[in-house]
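Student: I have the model open and would like to learn to read it piece by piece. Could we go through it together?

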Amino acid sequence: MGDWWKKAVVYQIYPRSFKDSNGDGFGDLSGIIEKLDYLKNLGVDIIWLSPVYQSPQKDNGYDISDYRKIDPRFGTNEDMYRLLDQAHRRNIKIVMDLVVNHTSDQHYWFQESRKSKDNPYRDYYFWRDPKPDGSEPNNWGSHFSGSAWTFDEETGQYYLHYFTKQQPDLNWENEKVRQAVYDVMRFWMDKGVDGWRMDVIGGISKYTDFPDYPETNGQKYVLGKYHANGPRLHEYVQEMNREVLSKYDCVTVGEANGSDIEATKKYTDPRRHELNMVFNFDHMAADQKRGTPAGKWAVKPFDLVELKKTLSDWQLELAENGWNTLYFENHDQGRVISRYGNDTAYRVQCAKAFATVLHGLKGTPYVYQGEEIGMVNCDYELNDYRDVEIHNAYRELVIEEKIMTEKVFLDAVAKVGRDNARTPMQWNNGSHAGFTEGTPWLKVNSNYKEINVSQALNDPDSIYYYYQKLIELRHTHDVLTNGDFSLLLPDHPHIFAYTRHSEQEDLLVVANLSESQEVATVSTEGWSPLIYNYPDPPSALSEIQLRPYEAAIFHRA
Ligand code: TEU
């Protein structure tokens, strides 16, 4: 079935914010079909759709109440089949989001499970008695603040949820749950779906003795090592591969929050027959302090040396028998040029520079909607945000526990809040940026008149056409897929430079990820520029002079 996905570039669509075709303020499948030629022109090979199944939308569709039905907000099952057909006619594959660590509490299974302790669906979820003092079964926290347990009066027990209480965790110990998941996968793959992005796959195996975290760091509820990489995780993933994935020519990417390099090798080593690749998170914390009670909201200045070390470690460790995903953005991350770069004076060069250092690496690149036109963070008022994660964290960290002031918290949200990536796609300078003729579910970023697809397509030097060139290089230079990686200038605070080497060709990737003028002491003898983000390439003598956010890829046969 081949590893075609190693040369592919994936485009992630967050459907609710991509394109609204019927004026309800909500993106939909027909809107995506309208834009397939735009994506074909960009050169992407695979589209990953965030969830479009029936859902009460408590976590924007990551709370599913019927896995076999498209939610009316997005359209119908027929629309999904039409999207598959139209994408395949353009030689674009479609990957859907498999959200099976948990369901919605409105799913039939949970509605049954909560009815009684002897209901046939009781063991589809995790139910436990309160502690003797009536408190939760243990001190595990939810990713969205508070306890990972909610008490259900009906049967006098708590149920487990790693996310909102409307997202009860499925019990994968139960063979019936696993078979039901595999049936859902077959349903969609038999309709033509080409693969899966697997939500929270690292969390599906639980430590079913549910021990308290001994170290609480003064917190009432704790997130830590028990929330991922459970004892039967790889057994389940190998069973899924054996029973479903191996029967189809498909591509799989697991969202493996909490995974380190060793865990990633287990998922992606082809000899283990698990997944093709996984999303890791280490490189997305180069502007965050780790291990404080404020969690992801404890932001710090961007540290490029830290970012380079993380990316380099992953490149070197997965060089044999493993595979990296390459991303800076998705629907859960603030926009990279707002977090790690400069999204004002140097926005265009900065966007191209971060794209250059990412797409030059070994792995499968992921482009998140709007990244290809340099969309930036939104910095809204608290009430403009829609994300449950933001509002829950505000209540816990600012109101209840007073760990952060409102201003410090909102400054952090402006950097790393998920809604920064979820503002509607900016298609043109018309009403609501051409996203909808109705009222958008989330405010459009006020900069849409300057930053939009129409402007990008009319500007030969736009970020869009730079991404188009990078994607074309991925398709035409095998060294990007198979070449060895070697980091240069590891300790330079502003320059990211590395080489890629293969028998046929060498590349030198170099970028100044700062506002200052820099000199990269790397030999450029015999190199010729392949792509660069200023009107002329960096001056290449015995060393390279780099202007603010200047980036280039050189090559030599
Ligand atoms: O995210 C899982 C995950 O790891 C989250 O804790 C993520 O790191 C967090 O949202 C970042 O602040 C997946 C989906 O990508 C996310 O959109 C869902 O909300 C979550 O699972 C629950 O399904």
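Student: How many bridges join β6 to strand β8?
Tutor: Strand β8 covers residues 157–160 and runs antiparallel to β6. A strand is a DSSP run (E, at least two residues) and a helix another (H or I, at least four), both numbered from the N terminus. Two strands pair if DSSP finds at least two bridges between them. For β6 and β8, the number of bridges is two.

Student: What kind of model is this?
Tutor: Residues are numbered from 1 along each chain as its sequence is written, and side-chain values use heavy atoms, leaving out hydrogens and water. Local features need pLDDT of at least 70, side-chain atom pairs count only at pLDDT 80 or more, and totals for chains, interfaces and linings use all residues, since the model is predicted.

Student: Which residue in β8 stands opposite Arg128?
Tutor: Arg128 belongs to β6, which spans 127–128. Two bridges join β6 to β8, and opposite Arg128 in β8 stands Tyr158.

Student: Which strands stand at the edges of the open sheet?
Tutor: Its three strands pair antiparallel, in the order β6-β8-β7. Each edge strand has a single partner, so one side of it is left without a neighbour in the sheet. The edge strands are β6 and β7 (149–152).

Student: How are helices α11 and α12 oriented to each other?
Tutor: Helix α11 (residues 388–400) and helix α12 (residues 406–416) pack at about 150°, with axes 10 Å apart. Axes are lines fitted to C-alpha atoms, for helices over the stretch in contact, and angles run from 0 to 180 degrees between N-to-C directions. Angles under 35 degrees count as roughly parallel, over 145 as roughly antiparallel, 65 to 115 as roughly perpendicular and the rest as oblique. Therefore α11 and α12 are roughly antiparallel.

Student: And at what angle do α7 and α8 pack?
Tutor: Helix α7 covers residues 261–268, and its axis lies 11 Å from that of α8. Their angle makes α7 oblique to α8. That angle is about 40°.

Student: Which element gives the most to the lining of the largest cavity?
Tutor: On a 1 Å grid over the protein atoms alone, a cavity is a set of points where a 1.4 Å probe fits but cannot get out, a pocket is an open set with protein on both sides within 12 Å along at least five of seven lines, and lining residues have an atom within 4 Å of a point. The largest cavity is lined by 14 residues, with His283, Leu311, Trp314, Asn324 and Thr325 nearest its centre. With four residues, the top contributor is α8.

Student: Which element gives the most to the lining of the second largest cavity?
Tutor: This cavity is lined by residues including Val10, Trp196 and Tyr366. At least two lining residues come from each of β2 (46–49) and β10 (251–255). The one that gives the most, with three residues, is β10.

Student: How much space lies in the second largest pocket?
Tutor: Its lining has 26 residues, and those nearest its centre are Trp5, Pro270, His273, Leu275 and Asn276. Grid points are joined across faces, edges and corners, and a volume is the space filled by probe spheres set on the points. For this pocket the volume is about 520 Å³.
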